[in-house]
Amino acid sequence: MKEDVKVAPHGGITRRGLLKWTGLTALGTAALGTTACAGFNETDLAETGEGAEEDQGTWIPCSCWADCGSKGFNKALVKNGEVVRMGTDQTHEDSPDCPQMRACARGRSLRGMIFGADRIKYPMKRKNWQPGGGENAHGELRGRDEWERISWDEALDLIAGEIKRVLDTYGNEGILLPGGVPQRLGDFDIGRMMYLMGGCLEQNGAVSSGAWTEMAKLIGLTEDTNDRMDLRTSELIVLWASNPAWSRAGLPTYDYMQCKEAGTRFVSVDVWYNATARALTDEFIAVRPGTDTAMLLGMSHVLLTQDDPATNPLIDWDFLDRCTIGFDADHMPEGADPKDNYKDYVLGTYDGQPKDPAWASEICGAPAEAIEKLALEIARTERCALIMSPAPARTGSGAQLCQALLSFGAMAGIIGKPGCCAASDCGHAWMQGGWKQLHEGGTYLGCFLKDTVAGPEYVENPLSYKKVNVNQMWTSIVNEEPYIGVDGNTYDNPAHLIYDRHENFLNQGPATMLGIEAYRKMDTVIAQNLVMTTTCKYADIVLPISSMWERYGIFEQAYREQLLWTSQVVEPLFECRSDMDVALELADRLGVDKKALCPEDDPQAVFNTVAAAKVLNEDNETWDNLVTITEDDLAELGVTGTPQEGRVPILELKRDGLYTIERTPDDGRNFVPFKEFREDPEGNPLNTESGKLEIYCRAASEKVHGWGFAELDPIAKYVPPTEGYEETFANWETKEKGEYPFQIPSLHILRHSHSTFANVPNLREAFDHPLYMNNLDAERLGMETGETVLITSKWGRCLRPLLVTETVMPGVLGMGQGAWVEIDEETGIDMAGSMNVLCGPNVTTTGFQSWNTCICKVEKWDGEPLVPDYLWDAREVFEEE
């Protein structure tokens with residue numbers, strides 16, 4: 001490979017050399033991105049134009065592993081070993097009932113990442129780092145030192161040596177693995193290896209779902225929304241802080257469009273008038289970040305004060321009586337103070353403050369009239385679905401928000417009925433509705449598709465009780481202060497070695513500037529990835545990892561009714577190896593049982609999962625095998641197994657990459673969460689302390705108290721969060737603004753999924769990354785669209801071009817999350833606009849991140865204006881000749 005590629009003066013691959021090597025020169029540099037805004041259109045999929053015919057290449061289903069929740073479907077046209085075009089689903093005719101699994105702009109731009117200039121090409125070591133810890137580390141140079149190329153053997157020997165040294169000196173908790181340690185197919189590598197060696201220190205704390213991760217289990221309100229066919233029967237859908245058109249750019253918005261076609265009315269409640277609201281909604285209500293609980297309390301007050309069972313029935317008293325606990329003094333759990341009920345809190349019976357719309361409006365910003373109107377409209381609509389993204393639960397008061405949604409939904413009678421729900425959609429399309437809990441064992445991949453293979457034997461982290469919360473991970477290192485383990489005890493953080501795998505948590509976790517300080521205090525930092533992410537930039541040893549396009553493939557859940565089988569597209573580039581290959585090499589050096597680490601190779605593991613997959617028959621009772629397998633198939637795949645009959649030949653499924661269940665509105669599969677519970681709560685109890693929906697949740701209060709992070713009341717109360725709206729004022733009574741007068745939530749934007757795709761030039765060019773500001777605020781500050789501004793929070797500073805718009809409410813800013821940190825070492829300012837430079841490690845009740853409650857100030861920038869980031873140089877690392 002090296003002989004075929006021209007080497008730049010510093011030993012790297014030139015841009016033209018890379019294009020030539022990957023066969024993209026004839027398509028031009030725009031082909032590196034192939035976004036919808038960069039030369040891609042549907043004719044690329046047709047058999048027209050040069051090189052488009054099937055006999056001039058092979059379409060291969062290819063993975064899009066970014067954690068956006070969309071689960072779109074991508075295909076790569078490979079000709080002579082080179083990817084020349086991107087495609088998407090054509091496995092069946094497109095229809096509203098059975099839509100094709102389309103790729104989005106991000107998925108179509110995968111070539112820009114995989115064949116980009118900033119691929120890590122070979123193992124590297126930071127020049128001034130040496131093993132042994134202490135002064136050998138020169139940690140202050142992390143992020144600004146030079147790199148030198150080393151061999152794989154040298155890199156692995158250094159890593160194994162440092163792991164042994166740290167284990168011997170500081171014990172297993174001296175090794176920190178940020179980002180969590182999944183053990184699903186394709187991910188059980190370095191983390192599993194450390195578990196087998198006695199454990200490691202790792203983090204805990206919810207990410208995508210915020211407080212929902214814990215609260216849903218405790219209060220009984222799950223993250224299930226209704227099946228998409230059932231939602232078409234809804235008369236009203238309220239999308240609360242939900243913008244799937246940007247955050248899940250696949251089928252969710254299309255499904256909502258089918259609801260709209262069926263006559264459903266939409267209302268959006270959000271901090272900004274987003275793309276989904278513009279496409280769907282009939283009404284928009286603006287609400288300040290972190291104040292959603294206040295608005296729901298105001299809506300509850302409306303129902304309580306205007307309900308009359310005879311003349312104006314608004315409250316579902318029957319459901320509250322049979323299925324909930326804690327709503328009023330007559331339905332409290334044993335031992336609880338009757339005064340601590342939700343109804344009396346909302347009415348202000350004991351604290352003297354009615355939580356009426358006027359009270360709520362002062363906090364949340366929505367007009368009192370709009371709060372009242374929405375409450376009445378929901379309560380008076382027979383089929384209403386209130387669907388909330390996890391975003392409001394990623395705030396300092398997110399736990400209270402989960403309780404408030406449950407309480408209002410139960411009052412309004414929108415739980416457990418067709419066309420109704422009050423739930424979080426999890427933020428992931430593949431989890432959004434359609435889940436039918438069939439208790440037949442196995443791991444369920446979807447509503448009508450299942451997999452009975454449990455995968456490799458689960459290995460528990462022997463140090464799992466010592467997990468450090470994400471909000472204390474960096475502070476416990478930098479400030480040398482104890483952290484609270486998941487068992488409620490406090491521990492010192494003795495981390496001296498950080499091992500970053502296929503994540504970018506230094507960039508994506510809260511308090512990035514503190515994280516950089518923590519990294520610079522380490523003896524050793526190891527990172528492995530396919531591109532030079534922020535975690536790689538601040539490491540000592542960096543390993544080049546193959547992408548999913550360069551591996552055997554994987555079988556997984558796609559959207560609600562699809563299974564996806566992706567395959568290898570190209571051979572591994574440069575000197576890249578897979579994560580598991582690295583783990584197995586280290587296992588040899590560290591004396592770890594390789595069979596326990598990796599029981600089966602990828603082809604066998606994937607085959608086992610495919611062979612075990614089942615499809616629910618039309619009787620909704622019996623199951624068929626998904627695939628037919630013959631002896632010839634086993635030989636072709638190079639695996640061991642048993643022939644069987646199924647719905648589709650296994651090699652055909654591997655070629656097509658996608659299996660879809662066809663749906664119709666009358667197929668009897670319209671999943672409605674809590675339907676059985678509503679009909680018979682005693683016969684179908686929930687997995688809560690009382691078996692009911694817990695408006696008063698003692699278990700949540702006690703669990704949070706046991707953790708020691710913060711206190712949580714058993715009922716939903718409005719508690720001003722740390723860095724919430726109230727903190728933007730120096731004086732709340734006079735409404736005098738303070739040092740940090742703006743709120744700034746983290747937005748999911750089109751150019752990247754979290755930090756994945758953040759380095760792709762064409763996505764940067766197609767979709768900008770500005771600071772959004774309301775025109776009234778801009779006029780007051782004398783700022784205009786396009787000028788560079790400085791954003792400052794309690795935790796860091798960054799620069800962004802300004803975009804003045806009426807779509808964001810006054811006093812609130814907006815900025816996308818995921819940009820790769822680019823710190824100017826002289827000023828300490830982030831030039832890239834990374835949200836986690838601004839977000840702090842604010843401790844929350846159940847230990848989730850409070851990304852959407854952050855306060856800041858904005859000033860004009862008197863330095864050089866920012867150059868558009870699509871013109872920035874790639875993070876290309878060169879080798880000396």
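Q: What is the relative accessible area of Arg 265?
A: The general idea is to sort residues by that number: buried is under 20%, exposed is over 50%, and partly exposed is in between (1.4 Å probe, protein chains only). Here Arg 265 comes out at 26%, so call it partly exposed. Before we go on, keep in mind that this is a predicted model: local features need pLDDT of at least 70 and side-chain atom pairs count only at pLDDT 80 or more, while totals for chains, interfaces and linings use all residues. Residues are numbered from 1 along each chain as its sequence is written, and side-chain values use heavy atoms, leaving out hydrogens and water.

Q: Which side chain meets Arg 265 in a salt bridge?
A: Look for a side-chain nitrogen of Lys or Arg within 4 Å of a carboxyl oxygen of Asp or Glu; that's a salt bridge. For Arg 265 the partner is Glu 283, at 3.2 Å from N to O. This pair ties together distant parts of the chain, 18 residues apart: Arg 265 belongs to strand β9 (residues 265–270) and Glu 283 to strand β10 (residues 283–286). Strands and helices here are DSSP runs numbered from the N terminus (E, at least two residues, for strands; H or I, at least four, for helices). Glu 283 has a relative accessible area of 17%, so it counts as buried.

Q: How many salt bridges does the whole structure have?
A: The search finds 49. One of them joins Arg 577 and Glu 585, with the closest N and O atoms 3.6 Å apart. Arg 577 is partly exposed at 26% relative accessible area, and Glu 585 is partly exposed at 28%. Another brings together Arg 647 and Asp 624, 3.1 Å from N to O. That pair also links distant parts of the chain, 23 residues apart: Arg 647 sits in the loop between α24 (631–637) and β27 (648–649), Asp 624 in strand β25 (residues 623–625). Both ends are partly exposed, Arg 647 at 36% and Asp 624 at 30%.

Q: Which residues do salt bridges with shared partners join into one network?
A: Asp 153, Asp 157, Arg 577, Glu 585 and Arg 589.

Q: Glu 723 is buried yet has no salt bridge; which side chain of opposite charge is nearest?
A: With charges, Lys and Arg count as positive and Asp and Glu as negative, with His and the chain ends not counted. For Glu 723, look to Lys 794, 5.0 Å away. Glu 723 does have a polar contact: its side chain and that of Asn 842 are joined at 3.0 Å. (A polar contact is a pair of N or O atoms within 3.5 Å; within protein, one must be able to donate a hydrogen and the other to accept it, and residues adjacent in sequence count only if both atoms are side-chain atoms.) As for location, Glu 723 lies in the loop between α27 (698–707) and β30 (729–731). Leaving aside residues up to four places away in sequence, Glu 723 touches Lys 794, Trp 795, Asn 842, Thr 853, Cys 854 and Ile 855, where contact means heavy atoms within 4.5 Å.

Q: How do I read the faces of a strand?
A: In a regular strand the side chains alternate between the two faces of the sheet. Take β34 (residues 771–774): Leu 771 and Met 773 lie on one side, Tyr 772 and Asn 774 on the other, and all are buried.

Q: Which strands does β34 pair with?
A: Pairing requires that DSSP finds at least two bridges between the strands. β34 runs parallel to β36 (residues 797–805), with four bridges, and Tyr 772 stands opposite Leu 803 there. With β37 (residues 813–816) β34 is antiparallel, over three bridges; Met 773 is partnered by Leu 813.

Q: Is Ile 650 buried or exposed?
A: Ile 650 has 0% relative accessibility, so it counts as buried. You'll find Ile 650 in helix α25 (residues 650–656). Beyond residues up to four places away in sequence, its contacts include Trp 565, Phe 607 and Val 627. Its C-alpha atom is 8.3 Å from that of Ala 611, a residue 39 positions away along the chain.

Q: What share of the 881 residues in the chain do buried residues make up?
A: That's 62%. The secondary structure comes to 30 helices and 40 strands.
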